[in-house]
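Here is a short report on one protein model. Read it with the structure open.

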Amino acid sequence: MKILENLIESFEKLPGIGPKTAERLAYSVLDLDDEYVKEFAQNLIDAKTKIKRCKICGMYCDSDICDVCKDKDRISDTLIVVSSTKDAIAIEKATKKYKYFVLNGNISLLKNITPDKLNIPLLLTRIETENIKEIILATSSTLDGETTARYLSNILENKVKVTRLAYGLPMGSELEYLDTLTLEKAISGRNKI
Ligand SMILES: [Zn+2]
């Protein structure tokens, strides 16, 4: 059945879904309520067509400027630099004091992601125009996260104070999986690079 095969293929493209799970999910769709399936399909389309990146920080949001960038109560001369929106949201759960900058990835030698693939020019512009005094590098403590932090600290150290989250954790920690207490400590105990 070509239709079912197409659906299985669609599921297989999702992260963490192997062929067996994709097959199970595809068959389970057939048993779902018609209304539910329509709503699900619409949610997928809406997510893809209506969610965009904030023009200031690069976070995913449903308007031109995200709620965090609009928030006047945030510390205005410090930016937390993260790899993804997911990481910024993880930090939001620990503290809502700061503004962000989303790099949209990490530098990776293995995956051939070079610095020019990241959103670095916009970060440099923000540092200038918003008179930023401190950059908190909050990339994960994985190999790629560390490579990215090192690269950024090299190009930024003459412009601003650069600090790094104090993980106090084994190498390889993905920021999005850290609990809020650990994140809070990592931010308040950040180290100067
Ligand atoms: Zn924003």
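The sections below cover the model, its domains, the metal site, the strands and the salt bridges.

## Model and domains

This is a predicted model: local features need pLDDT of at least 70, side-chain atom pairs count only at pLDDT 80 or more, and totals for chains, interfaces and linings use all residues. Residues are numbered from 1 along each chain as its sequence is written, and side-chain values use heavy atoms, with hydrogens and water left out.

The protein chain is divided into domain 1 (2-50) and domain 2 (54-192); such bounds come from an automatic or database domain assignment. Their centres, taken over C-alpha atoms, are 33 Å apart.

## Zinc site

Four cysteines coordinate the zinc ion through SG: Cys54, Cys57, Cys66 and Cys69, at 2.3 Å. Donors are N, O and S atoms within 2.8 Å of the metal (3.2 Å for Na, K and Ca); water is not among the atoms, so sites may look incomplete. Along the chain the donors follow the spacing C-x2-C-x8-C-x2-C.

The site is tetrahedral, with angles of 106 to 117 degrees among its four donor atoms. Four donors count as tetrahedral if all angles lie between 85 and 135 degrees. Cys54 is buried at 4% relative accessible area, and Cys57 is buried at 0%. Buried means under 20%, exposed over 50%, and partly exposed in between (1.4 Å probe, protein chains only).

Strand β5 (residues 134-137) pairs with strand β6 (residues 161-164) in the parallel sense, over four bridges. Ile135 has Val162 in β6 as its bridge partner. From β5 the chain crosses through helix α7 (residues 143-156) to β6, in a right-handed β-α-β crossover. Right-handed means that, with the strands pointing away from the viewer, the path from the first strand over the helix to the second runs clockwise.

β6 also pairs with strand β7 (residues 191-192), in the antiparallel sense over two bridges. Pairing requires at least two bridges found by DSSP. Helices (H or I, at least four residues) and strands (E, at least two) are DSSP runs, numbered from the N terminus.

## Salt bridges

The structure holds nine salt bridges. Each is a side-chain nitrogen of Lys or Arg within 4 Å of a carboxyl oxygen of Asp or Glu. Glu146 and Arg164 form one at 3.1 Å, N to O. Glu146 lies in helix α7 and Arg164 in strand β6, so the pair ties together parts that are 18 residues apart in sequence. Arg164 is buried at 9%.

Shared partners join Lys52, Lys55 and Asp64 into one network of salt bridges. Within it, Asp64 and Lys55 have their closest N and O atoms 3.6 Å apart. Lys55 is exposed at 55%, while Asp64 is partly exposed at 37%.

How values were computed. Tetrahedral: all angles 85-135°; square planar, octahedral: opposite > 155°, others 65-115°.
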